[in-house]
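Student: I would like to go through the terms used for this model and see what each one rests on. Please set each value against its definition.

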Amino acid sequence: KKLKYFPRLPVSIYELGNQAKVNKWLKEKNLKAFTFMPPKNNPLEIDIIIEESLKFDAIAKNRVLKKISNVTIPVVSIVDLLKMKRRAGRANDLQDIEALLSIKAIV
């Protein structure tokens with residue numbers, strides 16, 4: 001909220017903690033990500049991969065904290081993101097994997 005982001009869908013982010021609802025979205029809507037839209041003049045959308053939200057506790061252990069405009073945001077680690085991208089296996093995910101591996105080598 002401090003960064004003026006808003007959900008693309010008219011549902012609460014807290015619904016991601018409801019396993020039955022997330023499973024319904026995955027099955028019936030083929031929904032992959034819960035997206036937060038940026039304010040004007042900001043191209044950075046924030047996605048929460050909803051299937052992975054069911055594994056929040058495991059992923060949260062490896063999270064990385066990033067500060068953006070004086071707001072600290074937890075983000076998925078590169079290692080966990082690589083795992084997610086490999087599971088998805090789409091063409092754009094495979095390109096992302098190559099880029100992430102390059103970043104990981106630098107970091």
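Student: What makes the largest nonpolar core a core, and which residues are in it?
Tutor: The model is predicted, so local features need pLDDT of at least 70 and side-chain atom pairs count only at pLDDT 80 or more, while totals for chains, interfaces and linings use all residues. Residues are numbered from 1 along each chain as its sequence is written, and side-chain values use heavy atoms, without hydrogens and water. A nonpolar core is a set of buried Ala, Val, Leu, Ile, Met, Phe, Trp, Tyr and Cys residues joined through side-chain atoms within 4.5 Å. The largest has 11 residues: Leu-3, Tyr-5, Leu-16, Val-22, Trp-25, Leu-31, Phe-34, Phe-36, Ile-50, Val-71 and Ile-73. At least two residues of this core come from each of helix 1 (19-29), strand 2 (33-37) and strand 5 (71-75).

Student: Why is Ser-77 called buried?
Tutor: Buried means under 20% relative accessible area (exposed is over 50%, partly exposed in between; 1.4 Å probe, protein chains only). Ser-77 has 8% relative accessibility, and therefore counts as buried. Ser-77 lies in the loop between strand 5 and helix 4.

Notes: Helix = DSSP H or I, 4+ residues; strand = E, 2+ residues; numbered from the N terminus.
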